[in-house]
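Dear colleague,

Please find below the structure that I am handing over to you. My notes on what was found in it follow directly after.

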Amino acid sequence: MSNLTKKQLEQLKKIEILEQKYLNKYFYFLKFAEDELLLGFKTKYKIKDDWYPKWNPNEEGKGISDFATGAERIVYSLLNGKGIGQPNSAPIGADLFFEVEDAFIHIDLKTVQTRNIGDYTSDIFVGNNQNSYIGKLDVSGVEKTYDEACLPTFYTLPDKSKKICLTYFITILYEETNLDILTISIISMPNGELYPYYAKRVLKAGKVLYPTGNPKRNTHAKSVRFKWKEVSEFELLDQNKKRVKIAYFNNEMNEDLKNKLAYFDELNKSQNP
């Protein structure tokens, strides 16, 4: 932003350096554990006859929830058992919350089925307990405020020193008919301190509204989605560093899906020239 001083931009750049550092660490961990992840996702087929008759992907909400539960079990077991950092027991945060030497790190898993592929390719839902980005956003041409983010931009340690809070999302797109994994990504969401630079580009309003009669209903957003496609690069860093990395891309998917996922396909190829 033009109104930021060189000194302010340098301070914000330090945040993006850390965001990129841990994006790369978790990306390479997911690549390292790719075989175990894919093997874990396939374990459900071994006992398919026992659960499949009770699983109905056409029943709204039911199929999504069941797949997410199983996928989380696999991803979280690897990250908790072999991942990076000391797990933290704070009651507010993403499903995974680690402390490392120079940061606190929140990671949440998002699963999307092909029926809702539009919810995967440009923005994702983020919980208020999963981000630190407070600010303005446009809702149907009206500027509103989002102030429900529960994470601090920096945590305060016992000696009053500060340690930054970073947020990542592992997103999985799967085929709803056979539950095959199509692509796995990891995305870095900007820390709230970066609002003076990225401003309204990060958030869009979610579906959950304040109830009728609430004074914030017409002026504030109660829930948000992260428009990761709008801010897909660490813009304060050199050489177009991406905020999204592709941990897995299923090249066996049909051409129609591959066309819809062209961005992910190209990014995956650029990571693996």
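Lys-160 is exposed, as its relative accessible area is 65%. This residue belongs to the loop that joins β7 (154-156) to β8 (162-174). Although Lys-160 is not a glycine, its phi is positive, at about 75°. Please bear in mind that these values come from a predicted model.

A positive phi also occurs at Leu-179, again a residue other than glycine, with a value near 65°. Leu-179 lies in the loop between β8 and β9 (181-189). Is Leu-179 buried or exposed? With a relative accessible area of 5%, Leu-179 is buried.

I turn next to the cysteines. A disulfide links the sulfur atoms of two cysteines by a covalent bond. The structure holds zero disulfides. Cys-150 takes part in none, and the nearest cysteine sulfur to it, that of Cys-165, is 11 Å away.

Cys-150 counts as partly exposed, with a relative accessibility of 43%. Cys-165, by contrast, is buried, and its relative accessible area is 1%.

With kind regards

Definitions and conventions
Residues are numbered from 1 along each chain as its sequence is written. This is a predicted model: local features need pLDDT of at least 70, side-chain atom pairs count only at pLDDT 80 or more; totals for chains, interfaces and linings use all residues. Side-chain values use heavy atoms; hydrogens and water are left out. Helices (H or I, at least four residues) and strands (E, at least two) are DSSP runs, numbered from the N terminus. Buried means under 20% relative accessible area, exposed over 50%, partly exposed in between (1.4 Å probe, protein chains only). A disulfide is a pair of cysteine sulfur atoms within 2.5 Å.
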